[in-house]
Amino acid sequence: MIVPRNRLLIWVGAVAPPVALLAAAAPRLAPVCLAVIVVLGIVSVADALRASGSVAVIGVQFPPIVRMSKDREGKVDIRIQNQSQKSRGLRIGLGLPDEIPATDPEQDVVLPSDAEWSRLSWSCTPKMRGRFRAGPVYVEGISPFGMWSIRKPIPSESEIRVYPDLMTERKSLASLFLRRGIQGFHLQRQVGKGRDFEKLREYVTGDSFEDIHWKATARRARPITKVFQIERTQEIYVVVDASRLSARRQPSLLAEAGGPPILERMVTAALVLGLAAQQQGDLFGLITFTDRVETFVRAKNGKAHYNTCRDALYTLQPQIVTPDFGELYTFIRMRLRRRALIIFLTSLDDPALAENFVRSVDLIRRQHLLLVNMIRQPGIEPLFSNPGVESVDDLYRGLGGHLRWQRLRQLEKTLQRRGIKFSLIDNERLSAELVSQYLNIKQKQLL
């Protein structure tokens with residue numbers, strides 16, 4: 001695309017009107033005036049034909065993958081190739097998605113003559129988690145006489161991955177990630193002795209009779225004691241519900257429509273728990289589901305496995321469907337043979353969903369240790385707990401919230417009778433509560 005510049009407009013404005021007036025005032029000079037206008041037109045056309053050379057020698061190299069964190073400033077770096085190796089000025093604009101606004105979408109750059117490649121960066125702050133495609137790079141060059149600007153789009157194949165921001169959550173749990181013990185494990189007091197058999201040794205005064213290995217004692221003709229250790233490779237699974245209720249937004253003072261969906265907090269809490277499990281030496285796995293199981297990552301440990309879990313979660317978005325807990329339980333029963341700690345992140349304030357959750361939970365509760373966590377919705381609280389009631393509408397609103405809270409209390413007791421712990425957690429404290437529950441189970445060796 002060729003666009004006229006101010007220099008061309010100035011020349012046309014400075015030459016064409018006076019020459020036209022002179023030709024009208026002195027008709028004998030009309031051929032000369034016409035020749036002047038023709039020369040100006042020829043020069044401008046020739047300059048336009050040569051303008052394409054200013055960007056034809058320009059190439060752009062994109063990084064294949066750009067990783068950023070939501071609500072944190074990041075950079076998109078590109079490399080610009082000047083094949084002519086002549087100094088030239090360009091205006092370059094990067095087409096980014098609306099979810100990733102750039103601080104300065106256009107930049108003026110002068111390519112040096114002594115370097116074939118130059119580097120350029122765009123600062124931007126993603127506002128949404130997910131996978132995006134970077135738009136084309138628009139390069140604008142100047143014709144040799146400066147009368148025209150030529151613009152050339154260069155397509156991009158770069159992929160931008162925006163992950164959840166874990167920095168705030170990690171700061172609130174800094175003591176967990178900084179306190180270390182022997183061999184990199186955290187100092188965590190355990191209640192009772194370990195349950196994982198380690199070795200046999202000779203009996204020492206003070207050993208409990210229940211730890212004596214009687215068969216080994218009979219073979220060796222002297223007392224032999226069993227030694228146990230704390231199990232470090234337990235399997236921890238987080239089950240994230242991405243169905244219709246996960247699209248509900250939390251109240252926010254900054255936006256009339258509310259804050260981000262509660263699924264954002266679930267995804268962040270799941271990744272923080274994965275970091276905690278990795279620090280404790282356990283195996284961390286992941287299951288996401290809607291009306292079917294969407295993603296299953298078997299429990300492992302290590303940095304590469306954590307990146308796999310992060311890649312499975314950063315594109316997860318709410319689906320307007322009803323969750324099918326029966327299919328989820330069947331999937332867990334078939335895939336998870338070893339006893340594991342399974343932490344559900346879901347919403348059960350809908351009575352129909354709560355009934356569906358309880359109906360078939362016996363399929364897995366005897367084999368695994370289950371924890372159910374739900375983010376507290378606004379207004380779900382006991383009656384008279386809010387002192388800010390000022391009208392009859394506030395009273396009825398509080399009464400409705402009390403009834404919802406009472407149903408969740410009954411659900412908690414129903415699950416408790418089945419050996420399942422149900423917790424109603426505030427939105428801001430979800431990550432901290434999950435890690436606290438996990439460490440409490442580790443300490444008491446309930447798994």
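These legends go with a set of close-up views of the structure above.

The model is predicted, so local features need pLDDT of at least 70 and side-chain atom pairs count only at pLDDT 80 or more, while totals for chains, interfaces and linings use all residues. Residues are numbered from 1 along each chain as its sequence is written, and side-chain values use heavy atoms, with hydrogens and water left out.

**View A. Lys442 pairs up with Asp282.** The closest N and O atoms of Lys442 and Asp282 are 3.1 Å apart. Lys442 sits in helix α13 (residues 430–444) and Asp282 in the loop between α7 (262–279) and β15 (283–289), 160 residues apart. Helices (H or I, at least four residues) and strands (E, at least two) are DSSP runs, numbered from the N terminus. Both Lys442 and Asp282 are buried (under 20% relative accessible area; exposed is over 50%, partly exposed in between, with a 1.4 Å probe and protein chains only).

**View B. Glu202 meets Arg222.** Here the closest N and O atoms of the salt bridge are 3.1 Å apart. Glu202 belongs to strand β12 (residues 196–202), and Arg222 to the loop between α6 (214–220) and β13 (224–229), 20 residues away in the chain. Glu202 is partly exposed at 45% relative accessibility, and Arg222 is partly exposed at 37%.

View C. Arg404 reaches Asp349, with the closest N and O atoms 3.3 Å apart. Arg404 is in α12 and Asp349 in the loop between β17 (340–345) and α10 (351–359), so the pair ties together parts 55 residues apart in sequence. Asp349 is buried at 12%, while Arg404 is partly exposed at 27%. Leu403 is also found in α12 (residues 392–417). Together with Val392, Tyr396 and Leu399, Leu403 makes a nonpolar surface patch of about 410 Å². Patch residues have over 30% relative accessible area and no salt bridge; like charges are joined within 9 Å, nonpolar side chains (Val, Leu, Ile, Met, Phe, Trp, Tyr) within 5 Å. Areas come from the Shrake-Rupley method with a 1.4 Å probe; for residues, only the protein chains shown count as cover.

**View D. Two arginines sit over rings.** The charged end of Arg310 lies over the ring of Tyr163, 4.0 Å from its centre. Arg79 does likewise over Trp117, at 4.5 Å. The criterion is NZ of Lys or CZ of Arg within 6 Å of the ring centre and within 35 degrees of the ring normal.

Terms used: A salt bridge is a side-chain nitrogen of Lys or Arg within 4 Å of a carboxyl oxygen of Asp or Glu.
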